[in-house]
Amino acid sequence: MQTAESSGVSVVADSLAGEYRLQLTRDSAAGAVQGILRLRAAGTALSQRTGPYGIADTTHRYPLVGTADLDLTAVGAVAPGGTTSADPAAPGVLVIERVGGRAAAERVLIRLGATANRAEPVRFDGGYTVLRVRQITPGGFRGDWESGAPLPQARGTFCASRSQAPS
């Protein structure tokens with residue numbers, strides 16, 4: 001697994017920019033779905049967000065945004081607002097990296113759904129689908145996923161295989 005350091009903060013997620021063939025497999029029922037995941041740098045203005053009460057969130061980074069062409073309903077998952085939005089203020093895909101305190105393989109989350117990813121207002125409940133990245137290799141990444149509205153209703157594993165070089 002690759003890890004870069006910048007100002008003492010791990011920047012594992014930055015290496016994930018690019019295009020992937022994404023497969024989600026559901027644990028409790030037969031079902032899998034495949035699609036295309038595209039991730040790009042969020043830019044400096046979008047890489048930090050405010051938390052509740054307008055206080056800067058220093059526990060997370062938001063380094064990448066993107067889109068996913070994927071039928072989440074095929075595995076019983078929800079995507080609040082859809083996954084194909086390219087709007088930087090409400091991207092279809094948002095990569096969240098926890099800062100400090102965790103092993104590198106437990107720091108990266110990928111949240112699907114433009115409404116869930118809106119910069120304002122800060123959400124604390126509602127529908128969600130999140131991918132937890134557990135392993136990163138030069139060819140892609142894998143882990144587990146969970147989805148619900150608001151309680152978990154579907155979960156499983158995922159694999160993302162790089163389909164083109166990072167940009």
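1. In this predicted model, Ala 114 counts as buried, because its relative accessibility of 8% is under the 20% cut-off. Ala 114 sits in the loop that runs between β7 (108-112) and β8 (128-137).

2. With neighbours within four places in sequence left aside, Ala 114 is in contact with Pro 80, Gly 81, Gly 82, Ser 85, Ala 90, Pro 91 and Gly 92. Leu 94 is 20 residues from Ala 114 along the chain, and the two C-alpha atoms are separated by 8.5 Å.

3. Thr 129 belongs to strand β8. Thr 129 has a relative accessibility of 0% and therefore counts as buried. Apart from neighbours within four places in sequence, the residues in contact with Thr 129 are Leu 72, Ala 77, Val 78, Ala 79, Ile 110, Arg 111, Leu 112, Glu 146 and Ser 147.

4. On charged pairs: side chains of opposite charge can pair when their charged atoms come close. Eight salt bridges are found in a search of the whole structure. One of them joins Asp 14 to Arg 61, with 2.9 Å between the closest N and O atoms. Asp 14 is in the loop between β2 (9-10) and β3 (18-26), while Arg 61 is in strand β5 (residues 60-69), so this pair ties together parts 47 residues apart in sequence. Asp 14 is partly exposed at 36% relative accessibility, whereas Arg 61, with a relative accessible area of 13%, is buried.

5. A salt bridge also forms between the side chains of Glu 19 and Arg 38, at 3.2 Å from N to O. Because Glu 19 lies in strand β3 and Arg 38 in strand β4 (residues 32-41), the pair ties together parts that are 19 residues apart in sequence. Arg 38 is partly exposed, at 33% relative accessibility.

6. Arg 38 has a further salt-bridge partner in Asp 69, with an N to O distance of 2.9 Å. This pair links distant parts of the chain, with Arg 38 in strand β4 and Asp 69 in strand β5, 31 residues apart. Asp 69 counts as partly exposed, its relative accessible area being 38%.

Methods: Residues numbered from 1 in each chain as written. Predicted model: local features only at pLDDT ≥ 70, side-chain atom pairs only at ≥ 80, totals over all residues. Heavy atoms only, no water. Helix = DSSP H or I, 4+ residues; strand = E, 2+ residues; numbered from the N terminus. Buried < 20%, exposed > 50% of the residue type's maximum accessible area, 1.4 Å probe, protein only. Contact = heavy atoms within 4.5 Å. Salt bridge = Lys/Arg side-chain N within 4 Å of Asp/Glu carboxyl O.
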